[in-house]
Each structure stands twice: as C-alpha cells, then as structure tokens.
Amino acid sequence: MASDAFRDTDSPEPRTDQPVDGETAAHGDNQSTGRVIEVALERFSRLPFSEAKLDSIARNAGMSKRMIHYYFGDKRGLYQAALTEAVRLLQPAEEAMHVDSAIPVEGVSTIIGALHEQFLAHPEAVKMIQMENVQRVLNLSELSPLVDHTPVLLNLDRLLLLGQDSGAFRPGISAFDVYFLVFALLARRATDQATALNLYGADLSTERNITGTHRMAVDVVLAFLTANIPDDGHESYLDASASPAGGEQDTGPSPSIYGEDDSSSSVIYG
C-alpha cells in the first residue's frame with residue numbers, strides 16, 4: 001500500500017485574505033509554527049518538493065492549511081522556513097566552540113567536535129540541504145543568507161590567524177576552506193549510509209564509524225593545516241567573496257496551498 005506522503009492530494013479549503021508580512025511567523029504562536037516547521041523539515045528532507053503535500057504536513061502538525069498560509073505565505077514560504085531551520089540546526093552554540101587554551105590545534109579540534117555533534121543530532125537537516133542543492137526550489141543566489149554563520153567562521157578565522165602567526169599552520173587557508181572541508185566529511189555520513197553499506201559493507205550508523213568519522217574530520221583538517229606544502233601565494237583555496245543579492249526571488253507563480261495544484265511547480269534539477 002502506498003505511503004500517506006505519496007497518496008496525499010491537497011483538498012481545497014476556503015481562503016481568508018489575512019495580511020502576511022515578514023514578522024508574522026516570528027511573532028505568532030512560536031510553539032505552533034515551530035511544530036509546522038519541524039514536520040515540514042522532516043517531509044521536505046526525504047520527499048521532492050512536488051510530492052510533499054501540505055494536507056499531510058498540516059494534519060501531522062495540527063495546523064490548518066489556512067493558518068499555514070497566514071504564517072508562511074505559501075508552500076514555498078514554508079519550505080524556506082524549513083530550510084532555514086535545517087541550516088540553523090547545524091550551527092553549534094557559541095559556548096560549544098569555546099576552549100580554554102591558547103593552542104590553535106586544540107581550538108580547531110573543539111570546533112570540529114561541536115560541528116560533529118550537530119551533524120550527528122540532525123541528519124534530517126543535512127538531507128534537507130542536500131535536497132535543496134539538487135532541486136533548487138529557491139533561488140538562493142537572490143536571497144539574503146538564511147542564517148548568520150559569523151560565529152563559526154570568526155572562531156575559525158581567529159584560530160587560523162593564531163596558528164599562522166605562530167608557524168603552526170601554513171598560510172593560504174581561510175576559515176571557509178576549513179568549514180567547507182568539515183561539512184563535506186560530516187555530511188556524507190547522513191547522506192551516504194545506504195550506498196556505503198551496499199557497496200562497501202560500511203555501516204556508518206555504528207558507534208565505531210560515528211567516532212571514526214569524527215576522528216577522520218579532525219585528522220584531515222589538522223593535516224591540511226600543518227602539511228609541509230610550499231606557499232603558492234594564494235590567500236585561500238576557495239573564494240567566498242560573492243554575496244547574495246538579497247532581493248526578491250523570482251520563483252514564478254506560487255503553488256496554491258488550497259487546491260490540488262500545490263505540487264504543480266516543477267522541480268528544477270541540475
């Protein structure tokens with residue numbers, strides 16, 4: 001029998017033209033909207049945008065589609081809220097990145113450990129980000145950053161400067177270089193479990209492999225930072241100077257959340 005998520009079709013509901021603005025969800029019932037975002041994140045992380053039905057999300061969250069429209073605007077607005085929450089869940093708390101040591105190696109290891117704990121606790125967030133990168137439901141290049149990454153990057157940047165000034169770390173590596181490398185290593189555990197088991201017999205969910213992934217991330221980054229490689233004059237491996245335009249996204253007609261065409265917006269791959 002087909003699952004509820006795939007059988008769902010959105011039945012029409014009478015519309016109410018409530019005013020919606022950017023502050024509505026933030027100042028609404030946080031508990032109710034939080035539950036909707038939680039359910040939406042779970043659905044959007046495993047189903048294509050067109051197949052994640054608002055009827056099912058509303059029913060499981062205990063909120064009517066009319067109220068989802070009031071708080072989030074439309075299905076794409078709810079999707080953006082879920083994606084924002086996914087990115088936020090992967091950010092460590094400031095205190096988790098703090099280390100009482102002037103040794104840069106220990107500080108970098110602490111930040112990697114804090115990131116590891118977030119990725120381990122929230123595999124659905126990793127999968128949601130992967131789904132967006134494949135489907136491109138949102139035009140992210142035209143949006144302001146979903147969350148503020150400044151704490152992670154500033155902490156890494158401070159440690160890199162200390163390490164480079166002391167000669168412990170080689171030059172030409174940026175905070176974003178390190179974050180990109182850590183994200184790539186930690187995300188694979190959440191996204192590649194089935195293929196790793198099928199192809200290589202590696203069960204990435206075991207305690208040994210969870211610990212091994214953490215150790216690997218720390219060792220790879222520290223080896224990257226301390227390798228005896230001649231300075232080639234570059235400031236970093238990756239250029240992170242581009243900024244999102246922060247304007248309104250051009251998404252075309254918003255999918256209706258009242259009729260059965262809420263999934264009519266085609267998913268864009270590529």
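**Reading the helices and the pocket**

Me: Which residues of α3 are buried, and what makes them count as buried?
Reply: This is a predicted model. In it, the buried residues of α3 are Thr-33, Val-36, Ile-37, Val-39, Ala-40, Leu-41, Arg-43 and Phe-44. Buried means under 20% relative accessible area, so each of these residues falls under that cut-off.

Me: How do you know that the span of α3 is close to the expected one?
Reply: Helix α3 covers residues 30-44, 15 residues in total. The expected span is 1.5 Å times one less than the number of residues.

Me: What elements does the protein have?
Reply: There are 12 helices and 0 strands.

Me: How much of the protein is buried?
Reply: Of its 270 residues, 40% are buried. The accessible surface comes to about 14600 Å², and carbon and sulfur atoms hold 53% of that.

Me: Where does the largest pocket have its centre, and which elements line it?
Reply: Pro-145, His-149, Leu-153, Phe-176 and Tyr-179 lie nearest the centre, among 38 lining residues. Elements giving two or more residues to the lining are α6 (75-89), α8 (123-135), α9 (150-166) and α10 (175-191). The pocket holds about 1300 Å³ of space.

Me: Why are 22 residues of that lining called nonpolar?
Reply: The nonpolar class takes in Ala, Val, Leu, Ile, Met, Phe, Trp, Tyr, Cys and Pro. The lining has 22 residues of that class, so they are called nonpolar. Another 11 are polar and 5 are charged.

How values were computed:
Residues are numbered from 1 along each chain as its sequence is written. This is a predicted model: local features need pLDDT of at least 70, side-chain atom pairs count only at pLDDT 80 or more; totals for chains, interfaces and linings use all residues. Side-chain values use heavy atoms; hydrogens and water are left out. Helices (H or I, at least four residues) and strands (E, at least two) are DSSP runs, numbered from the N terminus. Buried means under 20% relative accessible area, exposed over 50%, partly exposed in between (1.4 Å probe, protein chains only). Accessible areas come from the Shrake-Rupley method with a 1.4 Å probe; for residues, only the protein chains shown count as cover. On a 1 Å grid over the protein atoms alone, a cavity is a set of points where a 1.4 Å probe fits but cannot get out, and a pocket is an open set with protein on both sides within 12 Å along at least five of seven lines; lining residues have an atom within 4 Å of a point. Grid points are joined across faces, edges and corners, and a volume is the space filled by probe spheres set on the points.
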